[in-house]
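Thanks for coming, everyone. Let me put the structure up and walk you through a few spots.

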Amino acid sequence: MAKVISVSNQKGGVGKTTTTCAVAAGLKKKGYRVLAIDLDPQGNLGFSVGANTETSASIYDVLKGEVKTQFAIQKTPSMDLIISSILLSGIELEFTDTGREFLLKEALRPMQAFYDYILLDTPPALGILTINAFTASDTIIVPMLSDIFSLQGIAQLDETVERVRKYCNSDLSIAGILLTRFNPRARLSREVRGTAELIAEDLHLHVFDSYIRSSVTASEAQSLQQSVFDYAPKSHIAQDYGRFIDELLARGV
Ligand SMILES: Nc1ncnc2c1ncn2[C@@H]1O[C@H](COP(=O)(O)OP(=O)(O)OP(=O)(O)O)[C@@H](O)[C@H]1O
Ligand SMILES: [Mg+2]
């Protein structure tokens with residue numbers, strides 16, 4: 001049975017896609033069978049791994065019931081992937097039937113036996129796509145920028161998780177908060193870590209010991225459509241994501 005992990009934060013630009021890509025690629029390098037699904041209509045994950053975004057079926061087609069999940073999977077060098085579609089942005093109005101929260105969970109069911117990990121990259125919103133991701137997930141990784149404003153969104157995210165637990169998925173957990181674009185030498189970053197730990201404690205959340213340092217390597221790798229491990233295996237960012245993956249595995253995620 002695959003472990004399903006959402007990478008989520010309703011705040012934009014916090015490193016969700018970068019984290020999904022790095023964790024998926026890193027787990028695959030360790031020999032796990034990994035499927036990543038791009039649930040963001042922006043389609044950044046598909047681009048980052050150099051997927052075919054022109055003619056291939058997307059998760060939109062799967063959720064609509066028009067394409068079977070296995071026929072939407074693309075094999076790329078760094079992971080198996082299902083791309084998103086701009087049409088996903090209309091899904092809130094398009095899918096109104098009861099049970100619409102469970103569409104992704106149902107779509108993933110036949111894939112469970114073929115993968116060890118299924119990673120879901122979510123859009124920067126707490127709408128129906130993110131609810132579908134949470135309903136289908138065992139746990140959630142919350143990337144967070146190391147600034148004060150980012151802390152304010154965590155309580156709201158936690159409320160959404162609480163609602164999904166109550167109505168759709170009682171087993172859902174939050175694995176923890178991953179500080180991204182962290183600068184271990186800056187006082188502000190260290191203060192944010194301290195504040196994050198206080199807020200997290202209040203909400204009974206975990207802040208991962210590992211953090212991801214700020215580095216242009218992240219966007220360079222993305223624009224060259226390579227994982228950070230292939231593009232610059234010795235870079236800070238590859239080391240940090242490597243350490244983070246080890247921490248995830250050590251925590252039994
Ligand atoms: N550790 C890092 N250091 C420097 N830049 C980073 C880091 N992580 C991500 N970035 C860059 O920040 C930008 C936003 O990252 P990313 O796309 O992963 O965020 P996101 O949360 O998925 O955004 P969105 O909410 O729009 O989906 C990208 O240009 C990415 O290359
Ligand atoms: Mg993204």
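First, a term: helices here are DSSP runs of H or I, at least four residues long, numbered from the N terminus. And keep in mind that this is a predicted model.

Now, Ser210. Find helix H9, residues 187-202, and helix H10, residues 217-223; Ser210 sits in the loop between them. Is Ser210 buried or exposed? Buried means under 20% relative accessible area. Ser210 has 8%, so Ser210 is buried.

What does Ser210 touch, beyond residues up to four places away in sequence? Leu178, Arg243, Phe244 and Glu247. With Glu247 there is also a polar contact, side chain to side chain, at 2.2 Å.

Next, His236. Look at helix H12, residues 236-250; His236 belongs to that helix. His236 is at 42% relative accessibility, so His236 counts as partly exposed. Take Leu120 as a reference point. In sequence, 116 residues separate His236 from Leu120. In space, their C-alpha atoms are 24 Å apart.

Leu120 brings us to the core. The largest nonpolar core holds 48 residues. Ile37, Ile59, Ile118 and Leu120 have the most contacts inside that core. Which helix gives the most to this core? Helix H7, residues 128-136, with 6 residues.

Zoom in on Ile37. Set aside neighbours within four places in sequence. Ile37 is then in contact with Leu45, Ile59, Ile82, Leu108, Ile118, Leu119, Leu120 and Asp121.

Definitions and conventions. Residues are numbered from 1 along each chain as its sequence is written. Chains are lettered from A and ligands numbered from 1 in the order in which they are written. This is a predicted model: local features need pLDDT of at least 70, side-chain atom pairs count only at pLDDT 80 or more; totals for chains, interfaces and linings use all residues. Side-chain values use heavy atoms; hydrogens and water are left out. A nonpolar core is a set of buried Ala, Val, Leu, Ile, Met, Phe, Trp, Tyr and Cys residues joined through side-chain atoms within 4.5 Å. Buried means under 20% relative accessible area, exposed over 50%, partly exposed in between (1.4 Å probe, protein chains only). Helices (H or I, at least four residues) and strands (E, at least two) are DSSP runs, numbered from the N terminus. Contact means heavy atoms within 4.5 Å. A polar contact is a pair of N or O atoms within 3.5 Å; within protein, one must be able to donate a hydrogen and the other to accept it, and residues adjacent in sequence count only if both atoms are side-chain atoms.
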